[in-house]
Structures are given as C-alpha cells and as structure tokens.
Amino acid sequence: MYFTMTKIRDFENAITDVYSRGLMPGLAHLYIGEEAIATGVCANITSQDYAVSTHRGHGHLIAQGADLKKMMAEVLGRKTGYCKGKGGSMHIMDISKGILGANGIVGAGIPIATGAAYSAKYRGTEQVTVSFFGDAASNQGTFHESINMAAAWKLPVVYVCENNLFGISVDLRRVTGNPNIAERAIAYGIPGVAVDGNDVLEVYQVTHTAFLRARKGEGPTLIEGKTYRHKGHHVGDPGTAYRLEEEKKAWMERDPIKTFRERLITEKIVNEQEIEDLEKESRKLIEEAVQFAENSPFPEPEEAFEDLFYETEGAEV
Amino acid sequence: MTKMKKVTYAQAICEAMDEEMARDKNVLLLGEDVGFLGGNFKTAVGLREKYGDLRVKDTPISENSFLGMSLGMALTGLRPIVEIMFSDFLLIAADQLLNQIAKIRYMSGGQVRVPLTIRTTIGAGRSSAAQHSQSLHAIMCHVPGLKVVVPSSAAEAKGLLKTAIREDNPVVFIEHKMEYNHEYEIPEGEYTIPFGKANILREGRDITVVGTSNLALKAVKVADELAKEGIEVEVIDPRTLVPLDRDTIINSVKKTGRILITDEGYERCNIAAEIVMDVMPEVFYYLDVPPERLCLPNVPLPFSPALEFPLIPDQEKLYQKIKKMFKG
Ligand SMILES: Cc1ncc(C[n+]2csc(CCOP(=O)(O)OP(=O)(O)O)c2C)c(N)n1
C-alpha cells in the first residue's frame, strides 16, 4: 500500500512538471494529500470488481493497477493513451480492470456505479462496485437518488465520499447544513462510517467491512473519508484565496504518506532501506511513464471521427 | 404472403420486449410503473409476472439516476431497456442521456459498447398541457452518440424496437402516445427492421413528403385524397433520424421536384430543417418550389382542446400545405 501511495504522489508531481513544461493540454485535478483513500479502498478490490472514478481520478486508477504509461499518455493527449487522446485526464477508463470511467460532471458517476452493482446482483455474481465522489458531489441529486435505490434493493455497492472540505473554492461548511456526510446514511437505512481519510489502514479496515456486507447481499455502505487537498483545485490553481491557513497547516502535517512511512518504520514493518528502494522504484516507473508519453505520437485529426458508434465507425450519422 | 394479425401499437411494443427478453436473459426493463401496472401506457403488461421483479423493475421517481444506472448495467454485460414515461421527463435525465450515455464510448476511445434502449413518448392531443405533450426528439438528434428511432405504425414499432434492443449502441426509441390504442395489422412471428433504411410508404411523382412518427401514416391518408385531385404524393417514413437515410429522400426529390417535411416537434430547430439542409446540396437544381415544413408552432402546448388542436400538425393542415405548393 505504501508503494501505491508513493506512485500516486509521484504521478501527480510529474503532472505538475509536464504542465509547467507546457506539455499538457487542458487541466488535471491532483490527488495529492488524498492518497490514503484510493489506496485503502482499492486494496479490497479484486480483478472482478468495478469502480467508478471522478474528475480527480488518477489516484483511483493507479490504486487499481492501471497502466501508468497509458495514463500519462492520455493526460498528454497522445494516441497511445487509454482513450487514444479522446478523454484526457478527466475521462481515463480501463474497462479491462473494471474501471468504468471517470467523470467531468460532478456526481454523475454515482448512478453509473449503482447500475453496475444492480448488474452484479442481477447476474448473481459476487462483484462489488465502488463509487468514488467528492464532498461537493454529495449535494447533487444523484447522490440521494442512487443511494436510495441501492438501499431499497440492497445493491452490492460501496459509496466512498472523499471529503476534502472544498468544491473548487467553496467550503462545504458554508453550503451544507450538516457537513458530516456519513450521517446521511441514517436517512437511507444503511451504515454510514466516517473515517480518517489520511489513515490508509483505517480506510482499508472500514472498506473491508463494507465489502463483506456487500458480498453477503446486505446492501450498500456510505463511507466518508475526511481528508484534505494539498494543492489547488487543479494543476496551476494556487488554491490560496479560500483556505484557512491554520487548518491547512494542520492537515499538511498529517500528510498520509509521511505519517504512514513513519509508522511503518517505528513499528519495524520495513526498514529505511527497503522504503527507499520502493520510493526509488516508484520514481523510476513514473519517469518511464512520462518518457513513454512524451515520445508517443499525437492522434491524426481524422481519428476524431472514430469510436462514436460501435461497428459504424466513420459512418455518416 | 406473410400472415398478419391485429394488435394495438402498445401490444406491439410489449411483444417486441417480451420476445427479446425471452431470447436473451441479459435484457431487462426498468422505469416508472413498468412492473405492477404494466406500464403507464400498457406497454409492459404481463412482463413482470413472466420475468420477475428483478428483471422488470419499478423504479422510484429518479429519472436521472435510474437512466444512469442503466448505463452502468450496459457497461457490465446487460442490455437494459429504460422507459421514460414522457420525453418531457428526459430533460431531468439530460445529463445521463446526453453527457454520459451518448459519450462514454467515444470518451473511452472505443473501449466499451453501450447496448441500451431508452423508450420514451411524444405527441400532443390529450389536453396534457405544456409538460406532458412535447415532442423533443430533435434534442436527441443534436447530440452525437445516440441513435434516434421514430416508428410510425405498430408493425414498424415492433420490428424497430427489436433491432434497438439488439443494437450495441444507445438508442432513443420514440413512441407516439396517441397511437398506443390504435389497432394495426402486424406480421405474425419474428421479424426485425434495420436502422438507416427509410420506408417509401406510397410512391408518387409530384411531391416528396417526409413524415416522422405517425405523421408518415397521416401523410398517406392525405396522399390518397390528393390522388383524387391528380396530385401524386410520395410518402417517406424515415424510420430512424440518426442514422438518416439521405439517399432515399434525395432520389425521391430528384424525381418529384418538391419536398415537404412534417414533424410534431416545435418548428424552430426542428429535424425538418436538418433534413432539408442535409439533402439540399444534392437536390437544389431539381426543385420546382422552395422546400416546406409542417411542424408545431413555437409556443408551449396549451391545455384547452380549443387551443391545442389548432396547433398540432394533422391531415387537414398537411392537405392545405401541400395544395399550396402546387399553386402559382
Ligand atoms: C455538474 C457540475 N457542476 C460543476 C462542475 C465544476 N466543478 C468541477 S470540480 C468541482 C468541485 C467538485 O468538488 P468535489 O465533488 O468535492 O470534488 P473535489 O474536486 O473536491 O475532489 C466543480 C464544482 C462540474 N464539473 N460539474
């Protein structure tokens, strides 16, 4: 899990780098500071399960073992990317790994995940679907509608709200009557658990229980991971105007990677050398991914007309 | 000769779903009142009893999310059919329809197929006022990524719906609510009708009338009348608006030199404008008169029949409009 967290951090730092070198078109939303959630949650996911990600999705993808090279190539708009340059940072998908897409529309992934869970129940499999979304997304109608249906029909889905306190610049506490999202679960008659989203082991544990419950056919769980976005809303956004300095400082000190590293060493689970080796390996993988992406060709303009409909590529429709 | 039988338009829809559900266990139906009630317009009668609650699912009033759920189902091996009671309600689900369902294959670089049928209704004439009477199919045609079907008769509806359910792309299937109780002859047994092939309902040398949905049938009746006056109308039912069979329309207009399109959507940005523009480069020099359209005027639909009926395109208005194209 430590390796996963480092890979996510290194990947996101590399994004800042390619962005400042002018290689990246558009924008990307960085996951720095929230790595423990994707990592702890996805450590429960098997190759059969599904997950639906968000606009801040790189972490979810890496934690599910997505190919770093194809991810970076997609972020740079290259032909070799996951979506052949048609999706970009916000829409990376790997159907072969059960990653049913990320989303540019806040809250829109929640019903899609819920439908995948219905599908698993319908087909009688043991598959569980994870639905990731942010605190701001929890104020979309899709949150209410989907969780209500999942609760009514006991669908095998785990809702993971990544509460980083902000939707762009808007503090959740300024626009939400009760900013403890997990407490809403009571209204749906399902378990709701708030967890320290910066503690990867705690996230893992809570998700484990939710997965067991889902696999047993007992229905959904709402998990709220309390965390913090270290950077601005997206790469290039300083993200300074709207935050409380004190609060930011406290969260930065509780950096999920730093604290987990200290713990692994104090509890003698790994030694300094082993950890450094992992970190080196992670950096190497990310560097290779960047190299691969930079050296990859852009798609040809006529490829814009492909992939709309199945079997009727390029047809006049 | 194919043996024919008599059913209503609603029964034809129900038969199509029943046959496809029997054929493929991955086909399921969800929507408001599709279960116990058998559909608000009785298009799913008996299906819940036959296939069970998990396969014929009554949903809560959450159009955006149950439509979104159907996408999650389509991505994971199922072939859902979703019923949205009125096309007016599709606007609630516009995000899932137009931003998600229409785009996910494209955004993913072709990684996925989306075998998903969205059935909904159009049509005025029931004093249902402005939010239950609209014909909003032009919106679905505007956004790339959806196939859009506008069946005319019951026989057409059945064959086209079966094709929609077997299609590996998202299809919006538009039913005309004034047709549900009408009885039609349909072929006995199994058949499908392909997308993108228009149907020439009646041949004629003087004018091409393209009628969407049940207006194609009304156009045939008008054509029968006009034939008595010596005007031979060629009536084309396009069947699908996306994909559109341009060639059939182009060839017809080259022959007739006149084109009129009739559609129950609002006139502004109506599909009629799109069809005319689409064929114009090829037929311009063949035209004897400017193209015409008969659509719904640009006002919301009023409640009182005294206000509503004068707005709706019907046989009388079509007759007058065509006649005008032969004056002067
Ligand atoms: C429907 C919709 N409204 C607004 C936006 C613009 N927007 C992009 S990200 C974002 C904030 C989302 O906040 P949250 O869900 O908490 O996730 P976070 O960015 O904090 O990870 C907003 C408002 C959008 N993409 N979609």
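The domain bounds used here for chain B come from an automatic or database domain assignment. On that basis, chain B is divided into domain 1, residues 4-187, and domain 2, residues 199-325. The centres of these two domains, taken over C-alpha atoms, are separated by 26 Å. The structure described is a predicted model, with an ipTM of 0.94 and a pTM of 0.96.

Confidence was examined for each chain. Chain A has a mean pLDDT of 96, with 98% of its residues reaching 70 or more. In chain B the average pLDDT is 97, and 100% of the residues score at least 70. One stretch of chain A calls for caution: over residues 313-317 the pLDDT stays under 50, and the model has 8 contacts beyond four places in sequence for this stretch. Where pLDDT is low, the predicted coordinates should not be read in detail.

The contact between the two domains of chain B was then considered. Domain 1 of chain B contributes 28 residues to this contact and domain 2 of chain B contributes 26 residues. The size of an interface is often given as the accessible area lost when the parts come together. Between domain 1 and domain 2 of chain B, about 2100 Å² is buried, 57% of it on carbon and sulfur atoms. Of the area that domain 1 of chain B buries against domain 2 of chain B, 24% is supplied by Ser127(B), Val150(B) and Ser152(B), more than by any other three residues.

Polar and charged pairs between the domains were also counted. There are 15 residue pairs in polar contact between domain 1 and domain 2 of chain B, both residues of each pair being at pLDDT 80 or more. On the side of domain 1 of chain B that touches domain 2 of chain B, the elements giving two or more residues are helix H7 (137-142), strand E6 (147-149) and helix H8 (154-166) of chain B. The residues of that side of domain 1 of chain B comprise 14 nonpolar, 10 polar and 4 charged. The count of salt bridges between the two domains of chain B is 1. A salt bridge joins the side chains of Glu156(B) and Arg239(B), with an N to O distance of 2.7 Å.

The interface between the chains brings 41 residues of chain A into contact with 47 residues of chain B. The area buried between chain A and chain B is about 3700 Å², and carbon and sulfur atoms give 65% of this area. Across this interface, 17 residue pairs are in polar contact, with both residues at pLDDT 80 or more, whereas the count of salt bridges between chain A and chain B is 0. On the side of chain A that touches chain B, helix H5 (109-123) and helix H6 (141-152) of chain A are the elements that give two or more residues. H5(A) gives the most to this side, with 10 residues. By class, the residues of the side of chain A that touches chain B divide into 21 nonpolar, 10 polar and 10 charged.

Over all chains, a search of the whole structure finds 48 salt bridges. Side chains of opposite charge can pair when their charged atoms come close. One salt bridge is formed by Glu279(A) and Arg261(A), whose closest N and O atoms are 2.8 Å apart. This pair links distant parts of the chain, 18 residues apart: Glu279(A) belongs to helix H12 (residues 272-295) of chain A, and Arg261(A) to helix H11 (residues 256-266) of chain A.

Two features of backbone geometry complete the description. Val242(B) and Pro243(B) are joined by a cis peptide bond, with omega about -5°. Pro243(B) is placed in the loop between strand E12 (240-242) and helix H10 (246-256) of chain B. In chain A, Lys84(A) has a phi near 55°, a positive value in a residue other than glycine. Lys84(A) is found in the loop between helix H4 (68-75) and H5 of chain A.

Technical notes: Residues numbered from 1 in each chain as written. Chains lettered and ligands numbered in written order. Heavy atoms only, no water. Contact = heavy atoms within 4.5 Å. Buried area = accessible area lost by both parts, 1.4 Å probe. Salt bridge = Lys/Arg side-chain N within 4 Å of Asp/Glu carboxyl O. Polar contact = N/O pair within 3.5 Å; in protein donor to acceptor, adjacent residues only side chain to side chain. Helix = DSSP H or I, 4+ residues; strand = E, 2+ residues; numbered from the N terminus. Nonpolar A, V, L, I, M, F, W, Y, C, P; charged D, E, K, R; others polar. pLDDT = per-residue confidence, 0-100.
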